[in-house]
Amino acid sequence: MASRGANAFIIPVLVVQLFEFSRVIAMRIFVASLGVLLGLASPAIAQPPSEVIRRNVIIQDPTGDNAEKMTPPIATSGTFEVDEVELYRRLATDALKTVDLNSLTLTIWFAQKDVELPEHVLVHLHDLAVIEDDRGKRLLSDEQLKNAHYIKEPRPTGMIKTARGKSGPVISLQLSAPDRNAAVIRSLKGKVTISGIGMEHIELTDLSKLKGGLIEDERLKDFPIRAKVSYEDEQTVVKLLLPEKHDQLEFFGLFRNDQSIRPSGGHITGEDGMTSSVVTYTGDQTKGTFLGIILRKMIDPKTIDFEFKDISLP
């Protein structure tokens with residue numbers, strides 16, 4: 001499969017930053033996402049601007065000289081802290097019986113000492129033990145584990161907190177509401193992998209070879225993608241078949257002269273156990289163009305064990 005493998009193609013403007021690519025300064029113009037351009041909500045077509053695209057919210061020491069007046073951490077694991085526990089309960093008429101209207105959100109600060117963090121980081125929670133309250137209610141089901149942010153796969157976080165001589169990313173973990181008589185979460189135990197974020201640019205220049213087969217590229221060996229580009233009914237159709245876990249796909253689309261071509265539509269469906277993501281363009285866009293794919297990747301990942309015990313409930 002022909003691939004230019006360059007980093008120079010440009011995607012629609014949202015935020016402009018400078019990055020250095022192999023002795024040249026290239027202008028990286030981050031994607032506003034096809035979902036925004038098309039008015040779509042499909043993350044596989046191109047996600048709404050993810051946290052990696054927006055600048056992190058940097059929280060400098062919120063305590064300052066008033067540390068003695070501030071409440072202590074809710075729970076700790078080494079230098080890590082549970083910053084906040086929010087319990088949400090409500091009743092509603094005509095709500096689906098299968099939908100749980102109640103939830104519990106833990107805000108966790110993965111703080112470390114003497115560590116210089118990059119501007120943007122990926123966080124991945126894994127190898128989690130069963131999470132239960134002190135009444136024995138399980139707060140994260142197997143079904144929830146399949147789709148939970150930061151657990152399903154590595155995810156950018158939009159907040160870095162610096163306080164009390166340490167710094168680290170802050171994430172929110174949503175759980176089921178505890179038993180009404182529960183006082184604490186017994187334990188939150190597992191591993192967290194924190195890394196910098198890199199972008200892998202893949203450019204496929206021979207669109208005639210994209211007929212639905214697997215893209216042959218060493219950079220996709222752990223992320224198999226099937227691609228098809230066709231011209232039908234006076235429009236160009238680009239279809240990718242993606243793995244179920246595809247959050248690392250930051251963007252894909254057609255480019256001409258290193259400029260992204262504005263799409264006319266798109267949709268996402270399930271197909272043969274994979275995710276089918278389709279983008280359409282007006283007219284014949286198969287000549288003089290290439291298919292650009294941008295993937296997020298972890299840089300210098302570090303994995304740390306943690307266990308928070310007896311997390312107080314509101």
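Biologist: Two strands pair if DSSP finds at least two bridges between them, so with that settled, what is the order of the strands in the open sheet of six?

Modeller: The order is β8-β7-β11-β19-β15-β16, and the pairing is antiparallel. The edges are β8 (155-157) and β16 (259-260), each of which pairs on one side only. Strands here are DSSP runs of E with at least two residues, while helices are runs of H or I with at least four, and both are numbered from the N terminus.

Biologist: What should I know about the model itself?

Modeller: It is a predicted model, in which local features need pLDDT of at least 70 and side-chain atom pairs count only at pLDDT 80 or more, whereas totals for chains, interfaces and linings use all residues. Residues are numbered from 1 along each chain as its sequence is written, and side-chain values use heavy atoms, with hydrogens and water left out.

Biologist: Switching to Thr-107, which strand is it in, and is it buried or exposed?

Modeller: Thr-107 belongs to strand β6 (residues 103-109), and its relative accessible area of 14% makes it buried, a word that stands for under 20%, with exposed meaning over 50% and partly exposed in between (1.4 Å probe, protein chains only).

Biologist: And what about the rest of β6, which residues point which way?

Modeller: Ser-103, Thr-105, Thr-107 and Trp-109 point one way, Leu-104, Leu-106 and Ile-108 point the other way, and all are buried. Because seven of the seven residues of β6 are buried, the strand is largely enclosed by the rest of the structure.

Biologist: Which strands pair with β6?

Modeller: Strand β5 (residues 80-88) is joined to β6 by seven bridges and runs antiparallel to it, with Glu-84 having Thr-107 as its bridge partner. Strand β10 (residues 166-176) also pairs with β6 in the antiparallel sense, over seven bridges, and in β10 it is Leu-175 that stands opposite Leu-104.

Biologist: So what does Thr-107 touch beyond its neighbours within four places in sequence?

Modeller: Thr-107 is in contact, meaning heavy atoms within 4.5 Å, with Glu-81, Val-82, Asp-83, Glu-84, Val-170, Ile-171 and Ser-172.

Biologist: Last one, where is Asp-142, and which side chain does it form a polar contact with?

Modeller: Asp-142 lies in helix α3 (residues 142-147) and is partly exposed, at a relative accessible area of 49%. Its side chain makes a polar contact of 2.8 Å with that of Arg-138, where the term means a pair of N or O atoms within 3.5 Å, and within protein one must be able to donate a hydrogen and the other to accept it, while residues adjacent in sequence count only if both atoms are side-chain atoms.

Key. Two strands pair if DSSP finds at least two bridges between them.
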